[in-house]
Amino acid sequence: MALQLKWVLVTGGAGYIGSHTVVELIENGYKCVVVDNLCNSSYESIARLQVLTKTEIPFFNVDLTDEEGVAKIFQQYPIDSVIHFAGLKAVGESATIPLKYYHNNITGTLVLLETMRKFGTKKLVFSSSATVYGDATRFPDMIPIPEECPTQPTNPYGKTKLAIEEILADLHASEPEKWKFAVLRYFNPIGAHASGLIGEDPLGIPNNLLPYMAQVAVKRREKLFVFGNDYDSRDGTPIRDYIHVVDLARGHIASLKYLDQIGDKQGICRAWNLGSGTGSTVMEVYKAFCLACGIDLQFEVVGRRAGDVLNLTAKPTRALEELKWRTEMSVADACEDLWKWTTGNPFGYQVMGVVDTMFN
Ligand code: NAD
Ligand code: WQD
């Protein structure tokens with residue numbers, strides 16, 4: 001008898017982590033349908049995914065808050081499970097336009113869950129974030145951070161993530177045998193696919209360290225600004241748990257398989273940290289990227305960035321024990337893959353020079 005492939009709906013699948021996860025899904029024998037409103041991505045990533053995977057990937061340019069649009073996807077495809085990446089994610093911006101963040105992230109999720117209920121889809125993997133822990137250094141004995149660490153997000157973006165985690169917990173509690181929810185708290189995803197075909201393509205000035213350095217390396221930015229070297233760390237710069245995006249993508253496959261093997265008569269709602277368990281400072285990552293690209297990038301130490309904390313490193317034991325997942329690639333691997341993506345696509349998916357200007 002032919003094996004029946006399962007359809008996975010990937011919300012936000014044109015974006016950075018979603019696109020890398022689509023590759024892993026297809027390699028693991030799943031069929032993918034992608035929904036994305038392209039507010040922070042471009043259709044070019046889907047086109048490249050089709051080349052990379054040699055697979056046709058149905059794509060819906062639909063906003064998740066659009067009930068009818070989302071329902072149409074479930075009408076057309078027998079969706080077995082959902083991986084929910086779609087959301088706005090810029091910490092600083094979320095403090096400037098909080099209502100947009102609450103509406104987009106929370107309403108989008110509510111529409112998705114309501115549609116899943118109507119169509120009988122019970123499994124969902126949710127993109128949460130280490131940002132739900134807030135400043136974990138307030139509990140010094142909780143570093144590296146276990147999932148039991150109290151949550152206390154410090155910005156509207158993080159609050160939307162925690163609110164969604166709570167919505168999932170409440171929905172699961174209302175029908176505990178029905179719903180299967182995997183909440184994945186990512187630490188700092190970096191790097192790109194080793195093919196160099198897909199990668200991170202931030203709009204405007206990058207907020208995150210690696211994309212910023214990559215733009216310095218191809219002379220789109222003049223120099224890196226290091227946000228403070230007066231922290232209580234090895235070299236005075238903050239510590240983060242950087243994780244290769246392909247490792248992260250594989251964590252989603254591990255979670256889906258975990259939900260699949262639970263069986264039909266049992267539900268779950270559980271959080272897992274996806275991190276490596278090893279922290280790197282800003283200067284360590286800077287050196288790793290300089291080595292990968294063969295350039296001594298110019299940098300200047302400036303004041304601390306508001307909201308930054310000393311150390312966010314995961315305790316990844318739960319994911320290892322339960323999901324049988326661990327990171328396999330290093331920061332150096334991620335830097336090499338990022339450099340391959342950047343040299344092949346110095347202006348990301350965009351046409352060179354049209355949508356961006358030097359040093360804006
Ligand atoms: P991304 O912006 O590259 O991808 C998100 C995608 O969702 C984009 O393609 C965007 O166009 C789409 N989208 C946003 N709102 C939508 C809506 N209402 N309807 C349809 N599509 C919508 O971001 P990413 O880095 O790939 O992150 C994916 C998820 O992981 C996000 O939920 C983010 O909050 C979470 N996360 C990211 C990081 C990180 O550092 N990148 C860390 C922790 C958690
Ligand atoms: C890393 C380190 C900066 C840029 C963010 C979100 C978090 C999650 C992941 C979504 C910090 C330093 C950075 C620069 C610098 N996203 N830095 N110069 O802040 O750990 O996490 O992305 O959920 O919620 O907050 O990542 O890459 O911005 O910063 O010195 O130009 O690099 O101070 O120490 P962060 P980041």
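A residue is termed buried when its relative accessible area is under 20%, exposed when over 50% and partly exposed in between (1.4 Å probe, protein chains only). The model is predicted, so that local features need pLDDT of at least 70 and side-chain atom pairs count only at pLDDT 80 or more, while totals for chains, interfaces and linings use all residues. Residues are numbered from 1 along each chain as its sequence is written, ligands are numbered from 1 in the order in which they are written, and side-chain values use heavy atoms, without hydrogens and water.

Strand β5 (residues 123-129) has seven of its seven residues buried, so the strand is largely enclosed by the rest of the structure. Strands are DSSP runs (E, at least two residues), as are helices (H or I, at least four), numbered from the N terminus. On one face of β5, Lys123, Val125, Ser127 and Ser129 are buried, and on the other Leu124, Phe126 and Ser128. Strands count as paired if DSSP finds at least two bridges between them. β5 pairs in the parallel sense with β4 (residues 79-84) over four bridges, and His84 stands opposite Phe126. Seven bridges join β5 to the parallel strand β6 (residues 180-186), where Lys180 lies opposite Lys123.

Ser129 is also among the nearest of the 19 residues around ligand 2, a shell defined by a heavy atom within 4 Å. A polar side-chain atom of Ser129 lies 2.7 Å from an oxygen atom of ligand 2; for Arg240 the corresponding distance is 2.6 Å. The largest share of the shell, four residues, comes from β8.

Conventions: Polar contact = N/O pair within 3.5 Å; in protein donor to acceptor, adjacent residues only side chain to side chain.
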